[in-house]
Amino acid sequence: MSLRAFTLFASDSQAQNWLSIVAYPVLFLSLQVLSSFRPSTDVVLVFPSELALVEALKLISNIFIRYRSGEGLFHQAQSRTVLWDASSDLEDQPLQSLAGQESDERTVSSGEDVRQEHLHGEPTTRTWLAVIYASVVWAGTTYIFSSALFLFDAVTVHVAAATSTAFVLYGLYAFSGRSVTAPVSQSIVLQLLGILLANGALSRSSQSHRASSLVLLSVAFASACNVLIINNVVFLPPTHALNTVLFSSGLCLHIASCAFQATFTSRSLAVFFPGWSLHRISTLVIRARLDWTILSVIRDHDAILERSLYTLSLALLLLIISLHNNSSSLTVLAGSAVTLWASVSYVSKELYKSHHLYDTVEHKSSVPSRRRRIIAWTIFIVLGLGSILGANEAVFFRSENSLAHLDILSLPAAPPVCQRRPLPVLPPSTSDNRTYRHFDDVLLIVFFSHPRYDTNLDSYREVYAEFFPNMVFVGPASREDAGFDHSYDVLVDTYQAAEDLSDPETYNMGGRMAHHMLYTALQEYPCYDGYLWAPFDTLLNVPRLQLFDQSKFWYHSPFGRYVPNRALDPSAIGNASFHAPPANISPDPANMTTPWKGWGEDWWSPHVGLPVCMPAFGKVPKAQRDRLAALTGQHDRLIGGSADTMYIPGRHRATFMSTLALFLQTNCFLEIAAPTTLHLALPRDEDILYVDHWWIWQPPFDTAFVRGQWAEGREVDTFHTFHWGEPSGDGGKWEPRPERVRDVRRLLRDSAARQGISFPELTR
């Protein structure tokens, strides 16, 4: 559509009254269909630069139309006939007084009042502030809508926007005193029920695992506020003056958004200034014309009729989608038919009344009572707070690499169900009647640096299988010492697992390369929401770990965030002296004078330390290294410390594995490679939850250590070393200590009581 055709179509206000009704669904459907046939490299109407161009196109067209008519932008508008209840005054429309409007009245036989409104004098400053405010809401709504497309498919977002009709109707009733008759209410209810029924019958997988329903609430509430505010300000200044301020303000806001994101995010400028194909330009022109039509409908009629046209258009779209995908079920047809019937009935009735002013009119108004306003403000504030959270979530997860399904005509294929592989060892039969479900989607990876499986594995399963039904043991050898029944319980990974301490310079400590085991377990067992990595001799304080967010990394990071603990004194929660020591930041690799000893002087060991770790670090993508540098303040610092408790969210599994693989190509020590990888896999906008992990090498190696820390006002989330048994008197094979199992269960019960958590009866 050329600019001249665009402006000619928009210039005849009398034709607009009728043409806008017909044009609305045509433009809406054209926009959706055109977006479905876009080139594979074309993503439209989701970036601020494109939204800014839409506003620019509307602004240029508005200026062209006004000067083509020989009038200035702020020329007085001719009088307009609007319906008004004689029993009300300007208080019914609070924003009406902003323009200093006055009116002539005449009473018609039906008892209604027809006012010929004239604008006397220039609009006031308050008028223009109201219009600018409307433009901010319009731009914000557009941005929220486009951000939701990164998380949900387009139809789901449109359905959410359609539900705004209910908010609009209630807003007009509560704030403007508009009466809500039974026919109007029934029509709106039928429209929404029909659209929800038809949408629910279309099989789609729409929601990203990261998004919540608050995003959809934000779309609905923002859409409602947008049309409500436009409904109030659309009559204030002359039409073309309002359009000029509205479009120019929106243009400035979207340009400011581009500038802000280009300055304070790491996105490429190409994102903000994509290539302009004919398809993209055509889509922008249709979007601009649709926006103009929305304004025309609200100006010539009201917000309810505009929302009804939106719902009508969406019902037609659902029918097209079902026919296009050969999924025309009776439910889809029935739901769409109900919506179309209710929408067409309402729109046709409103059009008839607008052209027969002397007939009885139902749009009566009265001054809303104080009670009605208070209730309405309370409801809208609650909805607004939820919408703010949803908007933050939508913008927070907005990324050019995470667009949801934008081909609106084709139903997105259901994502393949991730099939979990059977685990080598099943939980004991006592777990069949489990009531504890907090870690049901977490895989507990228990590693053995030495093949000491007998007593340790059985005791470990007996305690933790109740809480972690998905458990895999990984170590350097099979359990041949326990006989055939247990010889296949362990996922075997023997990469450099042999221990040789004969040479103090080039010693090979068992477990130094255990991150190979971690990689193996992650590779072999996908499909979990998270992975908790811990050795067999680390005690897990399950009630405390229950309080940790499973969508985040866990580690005793020097940059970690403490998890609230009701058992500690408030002054101790943020006091580092009451927490386990954090991991370390590596010294300057060019001047390593700061000693740090794990299993020897491992920072500068030429065999497993920084000299062999730095080449792998240099291969890590720059964006990830920059993320770590933002934490450490230097671009050549790594993280080192105990790797005896780490939690990896399933959504970061691939990034963690690809980064860890770079270090596995070297002999970089476990306690440098694994902690550094965790920090490198951390997205820029996320944090790490601090695990109070204690590493002890002096007795007591049992629950007495935890109770001792509790007595001193500290917490123990996990600790190493914990002994499930003790060596026999002659120093031979380790013998089980059944009382240790009972002690741990008793400890978990007491820890749950400290945290106010209900625990299953089995631990009591």
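I started at strand S4 (residues 442-447), which pairs with strand S7 (residues 530-535) in the parallel sense over six bridges. For the terms, strands (E, at least two residues) and helices (H or I, at least four residues) are DSSP runs numbered from the N terminus, and two strands pair if DSSP finds at least two bridges between them.

Before going on, I noted that this is a predicted model, where local features need pLDDT of at least 70, side-chain atom pairs count only at pLDDT 80 or more, and totals for chains, interfaces and linings use all residues. Residues are numbered from 1 along each chain as its sequence is written, and side-chain values use heavy atoms, with hydrogens and water left out.

**Around S4.** I looked up one partner on the S7 side: Val-442 bridges to Gly-530. S4 also runs parallel to strand S5 (residues 471-475), joined by four bridges; there, Leu-444 has Met-471 as its bridge partner.

Is S4 buried or exposed? Six of its six residues are buried, so S4 is largely enclosed by the rest of the structure. Buried means under 20% relative accessible area, exposed over 50%, and partly exposed in between (1.4 Å probe, protein chains only). Val-442, Leu-444 and Val-446 point one way, while Leu-443, Ile-445 and Phe-447 point the other.

**Whole chain.** I counted up the elements next: 24 helices and 18 strands. Of the 764 residues, 54% count as buried.

**Helix H20 (residues 622-632).** Here I found Gln-624, Arg-627, Leu-628, Ala-629 and Thr-632 buried. What do the buried residues of H20 pack against? Their partners are strands S11 (584-585) and S12 (639-640), plus helices H19 (610-618), H21 (653-664) and H22 (670-680); contact means heavy atoms within 4.5 Å. Gly-633 follows H20, with a positive phi near 85°.

**Helix H24 (residues 738-755).** I checked the length of H24: its 18 residues should span 26 Å at 1.5 Å a residue, and the end C-alpha atoms are 27 Å apart, which agrees. The expected span is 1.5 Å times one less than the number of residues.

The buried residues of H24 include Val-741, Val-744, Leu-747, Leu-748 and Ala-752. Seen down the axis, the buried residues of H24 fall within an arc of 160°, so they line one face of the helix; the arc is that of the directions from the helix axis to the C-beta atoms. On the face turned away from that buried side I noted the exposed residues Pro-738 and Ala-753. After H24 comes Gly-756, again with a positive phi, near 70°.
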